[in-house]
Amino acid sequence: MLKKTTIDKLPELAAALMEKGTLVAPIKEDAGFNFREITDTKQVDLIFHNTIISPKSAFFPQVEDFVQYQTGKSILEAAPVELNLKPTFLFGVRPCDVKSFQIMDIHFSGTGVVDPYWQKRREATIIFGFAFDMNEVADAAEFYHTLGIGAADPEGSDIFMVRKDDILMLKVITPKGEKLMTGLSFLIDASADEIKYFDDYIAKGHDYKTRYTCVDTEAIAREFEAIFDNADFWTKISDACLSCGVCTFVCPTCYCFDICDETLFSQGTRRRVWDACMFTDFTLEASGHNPRTKVYQRLRQKVCHKYSYHIRKYGVISCVGCGRCTRYCPVNIDIFSIVEEAVKAKWYKRL
Amino acid sequence: MTISFKQIEEKLKTEAKRLLESGQVSVVLAYGKGYDEKHPMPYVARNPSDVANIVFNEYCNYNMARYLVRYPAGTKIAVAVKAADSRAVIQLIQEEKVKREDLVLLGIPVYGMKNPKTQEIIDGKTTGGLYNPVLYDILLGDEVHGQAIQLPYDVLAAYESMDKEVRFAFWKKEFDKCIRCYACRKACPMCYCDPCFIDQNKPKWGDKSPKFHGNLMYHLTRFHHLAGRCIDCGECSRACPVDIPLYLFHKKVARECEEMFGQAAGMSIEDKPALVNFRVDDSDKILE
């Protein structure tokens, strides 16, 4: 079922979705685009390349409150914070970011230990995937194509969208998406030409080249294992690294968090907050010992976690090539180049 | 006159090679190739053969003084410095984090540097009205003279015209964006504390979550820790992934400090940092 609407009628679509639940969509902010809960239908803006912060925050927000308590009172009086979720529509997610949800599922539910917050948010959410604009040249930082993700890959979306000038085409992918779509009666059927355009566009997505090479995950994992103790390599790689948290915070597949108690006067909240392996205190132990005091150890952890340990443990690379870490790195450290250097000629080829 | 970035790059390479070959320094902090031309990186040359990777273009904004404290005391380092960067070196010498005799300063007189994200020319925002390094051993080009100068505090006009409420609302809006990645403090050459107050948890000085109270605590404390020490390189604001204009507050404090103590940070190796120095004729304005 392929439906369509026009870009100028986006507010109408937004209003219909907001009536059914919570709409989270890209909006333009000072520094660029970000996914936000929509309060005004006119905020939704699909003329964007990608957001600064990845849409993982829709399922794994930077701050998640668990328990509220009063200091000095009994623990029995503490109250868990209930998640009362309305149906949520995550609108305009790029294919590489949709893929990241599947990688994150491994950690938040796939290993058998289920994170109820992630799970509930996932279940409540319908994902509107959105193809990259293939008339644009790919951003120099991106390399999702290398990781087998097409620029118009509908996999993982419930409804997938392609924009053709001012026409927005929407196709149902899953039963969950179909149920929603049948309720959006103002969407009109696409013409036969448009159906062809849509199908061709998706097929073409795999030919759209970002930085690219063939990836042999086994070879990558092996190469990183071989150079683990090569301090000279890692020191050189991390010479520029500031050891800030930008790369991990914008990353769609970084999932580390810290649980902390924060009190204001006597009102306390136990909450989960994003943490980053690039921070000095991330591995600080209660004894005072810190196994990763050097910048190179921390950068090595970040890269090897994604491109080595994750392959060994779960068989997949924990990276979707969205390019955010490279794009927002204050000193332009490029994870693609690091992998390229580690695996040497086996990795990089710009087509 | 126009700046020849290529010429500066060549001179930077020549001097770096000479210093490394003669053993005068073991490390050269300069700029290197990134993943494309618009995105060069801070670069460390340790061998004469590394020098080929050095580049210099209008996007090499990095304040390489930020990396000085990373090397063990006594390491002989050559560091490429633009105007503001040289002030950072001076300030670090004043604060006894590095020694003058361990450093060779490769001064770069330059203007027209650009922010790669916005393509905007950053001179007025960051160089403190200077185009020539304040301190250097070797100058990698002719001193810049006659170029129109945007005074360091000119960009404060709009900010200073805000009244107290408007100003608070302005910072509330800006700090609400903060994601607490700490890129600002990590990019800052004067933020070398280990551990930073915000990372301590005994006692805990501020919340970890990126909510307004914690963000305010973090930024205001950092602003005040940099009072009289900020050398106006603007790296904090450029490092910020959500574009918080941190430089405004730093400049405002720098201006007040300069008016009160008659001294700008990192302008003379003979100075003592304004806020750790006591002079009988110091201004009492701060107490009023």
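Trainee: Before we get going, where do the domain bounds come from?
Mentor: Domain bounds come from an automatic or database domain assignment. Keep in mind too that this is a predicted model.

Trainee: Okay, so what are the domains of chain A?
Mentor: In chain A, domain 1 covers 2–52 + 83–207, and domain 2 covers 217–346.

Trainee: Before we get going, where do the domain bounds come from?
Mentor: Domain bounds come from an automatic or database domain assignment. Keep in mind too that this is a predicted model.

Trainee: Okay, what are the domains of chain A?
Mentor: In chain A, domain 1 covers 2–52 + 83–207, and domain 2 covers 217–346. The centres of these two domains of chain A, taken over C-alpha atoms, are separated by 28 Å.

Trainee: How many residues make the contact between domain 1 and domain 2 of chain A?
Mentor: Domain 1 of chain A puts in 18 residues and domain 2 of chain A puts in 17 residues. On the domain 1 side of that contact in chain A, there are 10 nonpolar, four polar and four charged residues.

Trainee: And chain B, what does the domain assignment give there?
Mentor: For chain B you get domain 1 (5–139) and domain 2 (154–287). The C-alpha centres of those two domains of chain B are separated by 24 Å.

Trainee: How many residues are in contact between the domains of chain B?
Mentor: In chain B, 25 residues of domain 1 are in contact with 23 residues of domain 2. On the domain 1 side, α2 (83–94) and α3 (123–126) of chain B each supply at least two residues.

Trainee: Which element gives the most to that side of domain 1 of chain B?
Mentor: α2(B) gives the most, with nine residues. By class, that side of domain 1 of chain B has 10 nonpolar, eight polar and seven charged residues.

Trainee: Switching topic: how many residues of chain A are in contact with chain B?
Mentor: 31 residues of chain A are in contact with 29 residues of chain B. On the chain A side, the elements giving two or more residues are α8 (246–250), β11 (257–264), β12 (267–274) and α10 (324–328) of chain A.

Trainee: Which of them gives the most?
Mentor: β11(A) does, with four residues. The chain A side that touches chain B has 17 nonpolar, seven polar and seven charged residues.

Trainee: Let's do helices. At what angle do α6 and α9 of chain A cross?
Mentor: Roughly 115 degrees, for helix α6 (residues 217–226) and helix α9 (residues 295–314) of chain A, and their axes come within 9 Å. So α6(A) is roughly perpendicular to α9(A).

Trainee: Left-handed or right-handed crossing for α6(A) and α9(A)?
Mentor: α6(A) passes α9(A) in a left-handed crossing.

Trainee: Which residues make the contact?
Mentor: From α6(A) you have Thr217(A), Ile220(A), Ala221(A), Phe224(A) and Glu225(A). From α9(A) come Cys304(A), Tyr307(A), Ser308(A), Ile311(A) and Arg312(A). The residues of the contact of α6(A) with α9(A) are six nonpolar, two polar and two charged.

Trainee: What about α5 and α7 in chain B, at what angle do they cross?
Mentor: Helix α5 (residues 164–177) and helix α7 (residues 212–225) of chain B cross at roughly 100 degrees, and their axes come within 9 Å. That makes α5(B) roughly perpendicular to α7(B). In the contact, Lys172(B), Phe175(B) and Asp176(B) of α5(B) meet Phe212(B), Asn215(B), Leu216(B) and His219(B) of α7(B). By class that contact of α5(B) with α7(B) has three nonpolar, two polar and two charged residues.

Trainee: On to sheets. In what order do the eight strands of chain A run?
Mentor: The order is β3-β2-β6-β7-β8-β9-β1-β10 in chain A, an open sheet with mixed pairing. Its edge strands are β3 (32–37) and β10 (188–189) of chain A, each pairing on one side only.

Trainee: How many bridges are there between β2 and β3 of chain A?
Mentor: Six bridges, with strand β2 (residues 22–29) of chain A pairing with β3(A) in the antiparallel sense. Ala25(A) stands opposite Arg36(A) in β3(A).

Trainee: And what's the order of the five strands in chain B?
Mentor: β2-β1-β3-β4-β5 of chain B, an open sheet with mixed pairing. β2 (41–45) and β5 (138–139) of chain B are the edge strands. Strand β1 (residues 27–32) of chain B runs antiparallel to β2(B), joined by five bridges. Tyr31(B) stands opposite Pro42(B) in β2(B).

Trainee: Which helix packs on the sheet of chain B?
Mentor: Helix α1 (residues 5–21) of chain B, touching β1, β2, β3 (77–81), β4 (103–107) and β5 of chain B. The direction of α1(B) makes about 155 degrees with that of β1(B).

Definitions and conventions
Residues are numbered from 1 along each chain as its sequence is written. Chains are lettered from A and ligands numbered from 1 in the order in which they are written. This is a predicted model: local features need pLDDT of at least 70, side-chain atom pairs count only at pLDDT 80 or more; totals for chains, interfaces and linings use all residues. Two residues are in contact if their C-beta atoms, placed from the backbone, lie within 7 Å. Ala, Val, Leu, Ile, Met, Phe, Trp, Tyr, Cys and Pro count as nonpolar, Asp, Glu, Lys and Arg as charged, and the others, Gly among them, as polar. Axes are lines fitted to C-alpha atoms, for helices over the stretch in contact, and angles run from 0 to 180 degrees between N-to-C directions. Angles under 35 degrees count as roughly parallel, over 145 as roughly antiparallel, 65 to 115 as roughly perpendicular and the rest as oblique. A crossing is left-handed if the near helix is turned anticlockwise from the far one by less than a right angle, and right-handed if clockwise. Two strands pair if DSSP finds at least two bridges between them.
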